[in-house]
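Here is a short briefing on one protein model. Look over the sequence and the structure first, then read the points below.

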Amino acid sequence: MRAAIGVDLGGTKIAAGLVGDDGGVIARASAPTPAQQGPAAVLGVVADLARGLVESAPGGVRPVGVGVGSAGVIAPGIGTVVSATDALPGWAGTRVRDELVLALGLPVGVVNDVHAHALGESNAGAGAGHGTVLMIAAGTGVGGALVVDGRVHTGRLGVSGHFGHLPVPEAGDRACSCGRSGHLEAVASGPAICADYRVRSGDATVVDGREVVRRAEAGDADAEASLVFAGTALGRVVGGLVNALDPDVVIVGGGLAAAGELWWSAMRRADAAERMAVLADTPLVTARLGGDAAIIGAASLVLFDQPDVQEQP
Ligand SMILES: [Zn+2]
């Protein structure tokens, strides 16, 4: 069986898997990201994890390359980090693809981690069998991707899919993580829900969106209002994107997909209200692969001859 190593490279953890061409994860390995030690140390851990999985691959399983879904904006075609957050100091400018080709002697493909997540869900998860897949992930941030015929639309600079930075009326003039204001992420991300709840309830002891979800489940009216507010804003953008892109299916994932029925129903209601009548029956489904999505999607870069794979240094 052909297989590839898929790597999900985040600011705190690097998760890798040996993925078969049927999309199944055959073996896994992970390690903390040595972010403070710099890019060379981070790439060293990625290479070690990949080597370990290649060497321990079961008989009959043939790893043909390594796909990486990396935090940060990744330049299409060259696999270099264009920009990254403070979670990975010095990461911007790192030639991830070329360095890993040198270290491993295998073909390497690199995309942004959100793009990898969407590729996984599209090709082997909730979007399998569909041509045009719109993925939206809401959690610490809000983002996603458009995948067409198994390939992610990266855009000119690799930035495509920043749906959290679409304007929504709910956001008013609230400050967004991008430095602008009035964007979806400023009301619909986990941290935004937490901030909204603090204002509504006057309780500043709450530190994350998960706690707001727990309080909503316990019947806290302010927590419920924050989740409905966030879900409504997200649904509005989902409906707008369906109008703009006419996908075959919409997948919603990320940490907030576990926020419960109140959030889901608010999101679905707002989505339905925004859609043009002809698009009313475009299905909206929940992501299926959980934490494996980015690993499987990254592996699909090399398994299915995607662009952006470098064979030789
Ligand atoms: Zn923004």
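The buried residues of H3 are Asp113, Val114, His115, Ala116, His117, Ala118, Leu119, Gly120, Glu121, Ser122, Asn123 and Ala124. That makes H3 mostly covered, with 12 of its 12 residues buried. Keep in mind that this is a predicted model.

**Length of H3**

- H3 has 12 residues, and at 1.5 Å a residue they should span 16 Å.

**Two domains**

- The domain assignment gives domain 1 as 2–120 + 291–310, and domain 2 as 129–288.
- Taken over C-alpha atoms, the centres of domain 1 and domain 2 are separated by 27 Å.
- Where the domains meet, 15 residues of domain 1 are in contact with 15 residues of domain 2.
- On the side of domain 1 that touches domain 2, at least two residues each come from strand E5 (73–74), strand E7 (108–112) and helix H3 (113–124).
- H3 gives the most to that side of domain 1, with 5 residues.
- By class, the side of domain 1 that touches domain 2 has 11 nonpolar and 4 polar residues, and no charged ones.

**Helices H7 and H8**

- Helix H7 (residues 221–245) packs with helix H8 (residues 261–274) at an angle of about 35°.
- The axes of H7 and H8 are 6 Å apart.
- H7 and H8 make a right-handed crossing.
- The residues of the contact of H7 with H8 divide into 13 nonpolar, 6 polar and 6 charged.

How values were computed
Residues numbered from 1 in each chain as written. Predicted model: local features only at pLDDT ≥ 70, side-chain atom pairs only at ≥ 80, totals over all residues. Axes fitted to C-alpha atoms, helices over the stretch in contact; angles between N-to-C directions. Helix = DSSP H or I, 4+ residues; strand = E, 2+ residues; numbered from the N terminus. Left-handed = near helix turned anticlockwise from the far one by under 90°. Nonpolar A, V, L, I, M, F, W, Y, C, P; charged D, E, K, R; others polar. Domains from an automatic or database assignment. Contact = placed C-beta atoms within 7 Å. Expected span 1.5 Å × (residues − 1). Buried ≥ 20, exposed ≤ 12 C-beta atoms within 10 Å, placed from the backbone.
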